[in-house]
Amino acid sequence: MLRDVRSHARFSRRRLGSAFAALALSGAALGLGASAAVAAPAGSAPAVTSTSTQTAVLDTNKVYSKTGKYFYQDGVVDPTRNVLYLSDSTGTEADSFETALVRIDLATGASTVIPLGGGFAASDVAVSPLDGTVYVAHNTAPNASVSVLDPNATYTDSSRPPQIPVADHSQRLEAGSDGRIFVMGSDTDAISVIGASTGADRMNVVQIIPGVETGAAVTAMDSVHQRLYVSSESTKTVTVIDAASTPAAVLGVIPVEKTPVGVTWDASSDQLVLTFDDNTISWLDPSSDFTSAEVTRTETLAPLPEGAEPSVSLPRALSVRADGTAMVLTEVWPSETGPENITSFVSVVPPVVDAATPVVPLTVGIDGFALIPDTRVGGSVYVTNIGEGTVSTLGDVTLTGYASRHVVGTDGAATASLVRADGFPLAASLNFTDASGTVFSAQTGAGGFARAAVAGLAVGEAGFDVSVAAPATITLAGESAVTTTAAAATPGDDQSTSTPPGVTGQITPSSLAATGFPVGVAAAGVLALFALGAAGILISRRGRVRA
């Protein structure tokens, strides 16, 4: 949540026109891929033939097409409710200054709009870790405020959430572990503190912290040590505040040599991290009195694309994942001669940057504005693209190929899985290419498994190259193998090992799948014949279920 709203007064009519043009082309919303799938028979876990992982753009949620909102200035993830909240300043036909809160269900992509009213520019969102109370900052002068929402309540135009008066141009919010909310006002050089969400002062400002340089500033909360960092471009300083003490207190002010434009705390290295206007990122070890800091590491971020304006295309938003990987959003603005549809990008900075693991840029949308981390397992981040009304999801994804077996005369199944590290579903299509170049495709089902039916295999082993057909942003590749046996020698020596026990996969249309018979059923029938000594062929039909 790193943004100085005032620095984006440059949002010109020229840019706004291109934004609406892009919005007019917005399509359907986030797809989670309901597809026909069959339950795999129980058996021993299959052998893994390959596995590879990459950080990629996993999804682009076309929120504008669902809500009519696009100016998402910042946001926060509520991990308890699996919700992404976005502060929105799009306005309405009746009131161009109208503000709202966009609520996105992270599991389904469903989006709803909560009307807030009052005050231009809903600039930031915070969620209390105690009870999920939601706070929205209104970046307005002279009567700025913070809306306070009960996450379980329903709000309408005639019943809007209450507001707390705070300092002018209040644009940054950070939540402390004790439920207090820290509000940065850019014009007053002060931090307002709202009482804990579960206490008697939950609707009151209980403290003003004066003397904090907030000009063109951004903030970050260190959840490990409960310290608030306020990084100022104007004075090239970082003010450190003890957010655990009551009252909160300034611990020190750290001067830096270059102009900082983004700030966060890296829990993996226990260091302060800053991005600068020279397109670099540095890790700093503060002194015990927080009056100085030693730079321990500096990396250069991905370069700007051709046609970008360097003076305003800056790495303003960042987050560092639990493994030490930094995710840095550069909002790219075109030069006077640059293309209107120029896109922003995220630099993925690994813990060690070298020839084997370089800094990798991931393209997001037009006018990438905010980078919102999900601090849970998986470490995904969400980027708001205000030029097109979308939200990009970036995170780790793993492609795993498996070895399977089947009896000659039945269809085999080339098997692989594509799984997001954060555990959310991923609608994907995998291609399995054999030695002759023939491609067999399958959609992922529950658990991320895809099983492509392959007919007419001779006895022996056939190899398949596995690639991701969609999403196109994932470029992983792997291998799968199918072994065809003359007969099932022992129980378990069949296709039951094509998928891990209890996992649901999918078979694409083929001569077998089209009849409604899951792969592996024919082999199970052969086993039944041998066990019973029957003369006929028994084929059991298993109903398909929706993924």
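## Briefing: strands and aromatic pairs

Residues 24 or more positions apart supply 56% of the protein's contacts with a separation of 6 or more. The model is predicted. It contains three helices and 37 strands. Of its 547 residues, 57% count as buried.

**Aromatic pairs**

- Six aromatic pairs occur in the structure.
- Y229 and W265 are stacked, because their planes meet at 10 degrees, under the 30-degree limit, with ring centres 5.4 Å apart.
- This pair links distant parts of the chain: Y229 sits in strand β16 (residues 227-232) and W265 in strand β19 (residues 260-266), 36 residues apart.
- Both partners are buried: Y229 has a relative accessible area of 0%, and W265 has 9%.
- F440 and F464 form an edge-to-face pair, with planes at 80 degrees and ring centres 6.1 Å apart.
- F440 belongs to strand β32 (residues 439-443) and F464 to strand β34 (residues 460-470), so the pair ties together parts 24 residues apart in sequence.
- F464 is buried, at 2% relative accessibility.
- Y64, Y70, F71 and F369 make up one aromatic cluster.

**Charges over rings**

- R227 lies over the face of W265, 5.4 Å from the ring centre.
- K258 lies over the face of F276, at 4.6 Å from the ring centre.

**S192**

- S192 is part of strand β13 (residues 190-194).
- Its relative accessibility is 4%, so S192 counts as buried.
- Leaving aside residues up to four places away in sequence, S192 touches A167, I181, F182, V183, V205, Q207 and I208.

Definitions and conventions
Residues are numbered from 1 along each chain as its sequence is written. This is a predicted model: local features need pLDDT of at least 70, side-chain atom pairs count only at pLDDT 80 or more; totals for chains, interfaces and linings use all residues. Side-chain values use heavy atoms; hydrogens and water are left out. Helices (H or I, at least four residues) and strands (E, at least two) are DSSP runs, numbered from the N terminus. Buried means under 20% relative accessible area, exposed over 50%, partly exposed in between (1.4 Å probe, protein chains only). Contact means heavy atoms within 4.5 Å. Rings of Phe, Tyr and Trp (its six-membered ring) pair if their centres lie within 6.5 Å; planes under 30 degrees apart count as stacked, over 60 as edge-to-face and the rest as tilted. A charge sits over a ring if NZ of Lys or CZ of Arg is within 6 Å of the ring centre and within 35 degrees of the ring normal.
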